[in-house]
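Dear colleague,

Please find below the structure for your review. My notes on what was found in it follow directly after.

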Amino acid sequence: MPRPRRTPHGPSSHSASSSTSTSSSSKPKGNVNSNANASPAGRKDAPTTPSPAVLRQLSAILTVFHDTFAPLFTPALPAIIQDVKQALYQRDYVAAFDSPQKLQAYAARWSVARALAYFDMIAGHWWSTDVTQRFTQRSSSPLNVTCIGGGAGAELVGIAAAFSLFASKPGEESENDRPDAPRLDITLLDFAAWNPIVESLYGTLTDEHSTRQPQLYLPKSTFSVVCHQQDILSTLSDVTVSSLASADIVTILFTAGELYSQSPTAATKLFVSLHAVTKPGALLVVVDSAGGFEELDVLKKSGEASSSSSIGGYKLGFLLDKTLTSRDRWETVASDDSRWWRVPPQLKDGAAYPLDLENMRCLVRVYRRSDDPD
């Protein structure tokens with residue numbers, strides 16, 4: 001079994017073969033700090049007041065996680081979370097995720113804040129207007145999003161919330177009643193067996209009988225998700241290659257830094273190979289911790305050191321830019337080395353969600369895949 005990868009607070013993408021698909025349509029995690037200092041007025045990462053529509057979606061995301069994991073919120077949960085946190089700190093991944101309760105605890109504790117952040121980043125154009133336009137454009141083809149390291153549920157819920165926000169326009173009939181309703185197909189690639197978590201969250205998102213408000217609902221006829229186990233640093237399966245080839249957007253969220261830390265050579269090979277397996281115009285979104293894996297001592301990695309290892313470490317953003325854009329295979333469309341995402345004050349009330357929601361300082365890169373030469 002390959003050594004699993006993780007983000008600073010948990011796993012993301014690594015392992016071998018089985019897959020689970022969830023849909024009735026035609027087609028079959030970073031450095032956080034809850035005590036962040038407020039940004040000066042005028043700064044791009046200064047706190048902003050979300051619009052009513054955005055705030056409703058943020059609140060609905062909390063409802064999804066609360067309803068999905070409601071049986072977990074007992075006096076025993078803090079101890080389970082502490083066990084997971086301690087195992088991750090020691091990089092003992094077997095112990096961290098050796099029970100369904102621990103997988104649920106991770107998602108309920110850490111995936112929820114990331115789902116909020118991912119949705120807010122899309123809605124707030126952090127990932128460029130290019131990304132936002134993919135969510136707003138009307139097409140007979142579905143929006144295909146492939147998430148490397150997305151098994152723990154944050155990408156699933158955050159992206160679904162953004163799609164729901166942009167897919168419906170004021171005055172239009174319900175998505176359920178529109179024959180030309182836009183569709184969203186998400187593929188999640190991860191090293192761990194997150195299928196039960198993905199299925200549970202998908203079930204909540206597509207539950208048309210839920211009476212909870214605010215509700216985040218997407219009909220199964222317009223929304224599908226499939227989760228594959230894949231060691232992303234090893235040989236890619238045919239299913240993985242197919243998902244990347246059809247993707248309009250590929251995300252690598254709180255995952256890239258750990259990939260480089262684990263194997264600089266394999267991580268570089270992966271990023272170089274993305275040009276060959278993606279289609280022209282595809283967007284690659286990378287978000288990572290701006291304080292955890294941003295500084296990477298790549299040259300000193302055991303077994304890969306060279307006579308020039310005394311040069312020291314590289315910044316993650318530099319490595320990504322150098323690897324992806326040096327041969328004009330990818331164009332940078334958004335770049336930020338350090339930006340705070342903060343939980344809106346309206347969501348910090350304990351009544352909104354029973355666990356802490358934490359701020360994140362992020363590195364953001366978005367690239368557009370160049371056209372193939374004639």
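Two rings of Phe, Tyr or Trp (its six-membered ring) are treated as a pair if their centres lie within 6.5 Å; planes under 30 degrees apart count as stacked, over 60 as edge-to-face and the rest as tilted. By this definition the structure holds ten aromatic pairs. In one of them, Phe 97 and Tyr 106, the ring centres are 5.8 Å apart and the planes stand at 80 degrees, so the pair is edge-to-face. Tyr 106 also pairs with Trp 110, at 5.4 Å centre to centre and with 45 degrees between the planes, and this pair is tilted.

Please note that this is a predicted model, in which local features need pLDDT of at least 70, side-chain atom pairs count only at pLDDT 80 or more, and totals for chains, interfaces and linings use all residues. Residues are numbered from 1 along each chain as its sequence is written, and side-chain values use heavy atoms, with hydrogens and water left out.

The aromatic cluster

Helices (H or I, at least four residues) and strands (E, at least two) are DSSP runs, numbered from the N terminus. Tyr 106 and Trp 110 are four residues apart in helix α4 (residues 100–123), and therefore about one helical turn separates them. Ring pairs link Phe 97, Tyr 106, Trp 110 and Trp 194 into a cluster. A residue is called buried under 20% relative accessible area, exposed over 50% and partly exposed in between (1.4 Å probe, protein chains only). Phe 97 and Tyr 106 are buried, and Trp 110 is buried as well.

Charges over rings

A charge sits over a ring if NZ of Lys or CZ of Arg is within 6 Å of the ring centre and within 35 degrees of the ring normal. Arg 114 lies over the face of Phe 254, at 4.4 Å from the ring centre. Likewise, the charged end of Arg 339 is placed over the ring of Trp 126, 4.0 Å from its centre.

Overall composition

The protein chain has eleven helices and twelve strands. It contains 374 residues, of which 57% count as buried. Its accessible surface (Shrake-Rupley method, 1.4 Å probe; for residues, only the protein chains shown count as cover) comes to about 15,700 Å², and 50% of this belongs to carbon and sulfur atoms.

Helix α1

The expected span of a helix is 1.5 Å times one less than its number of residues. Helix α1 (residues 52–68) has 17 residues and should therefore span 24 Å; its end C-alpha atoms are 24 Å apart, which agrees. Its buried residues include Val 54, Leu 58, Ile 61, Leu 62 and Phe 65. The buried residues of α1 pack against α4, α6 (154–167) and α7 (195–205), where contact means heavy atoms within 4.5 Å.

Nonpolar cores

A nonpolar core is a set of buried Ala, Val, Leu, Ile, Met, Phe, Trp, Tyr and Cys residues joined through side-chain atoms within 4.5 Å. The largest has 85 residues, and those with the most contacts inside it are Trp 127 and Phe 135. Helix α4 supplies the largest share of this core, 16 residues. Leaving out residues up to four places away in sequence, Trp 127 touches several residues, among them Tyr 118, Met 121, Leu 253, Val 285 and Val 366. A second, separate core of 27 residues includes Ala 247, Tyr 260, Leu 270 and Leu 284.

Individual residues

Most residues other than glycine have a negative phi. His 125, in the loop between α4 and α5, has a positive phi near 65 degrees. At 41% relative accessibility, His 125 counts as partly exposed. Asp 328, in the loop between α11 (316–325) and β11 (330–341), has a positive phi of about 60 degrees although it is not a glycine. With 63% relative accessibility, Asp 328 counts as exposed.

Trp 330 belongs to strand β11 and is buried, with a relative accessible area of 5%. Setting aside neighbours within four places in sequence, the contacts of Trp 330 include Leu 274, His 275, Leu 284, Leu 324 and Tyr 367.

Finally, Gln 133 is found in helix α5 (residues 128–136) and counts as partly exposed, at 48% relative accessibility. The C-alpha atoms of Gln 133 and Phe 166, 33 residues apart along the chain, are separated by 9.3 Å.

Yours sincerely
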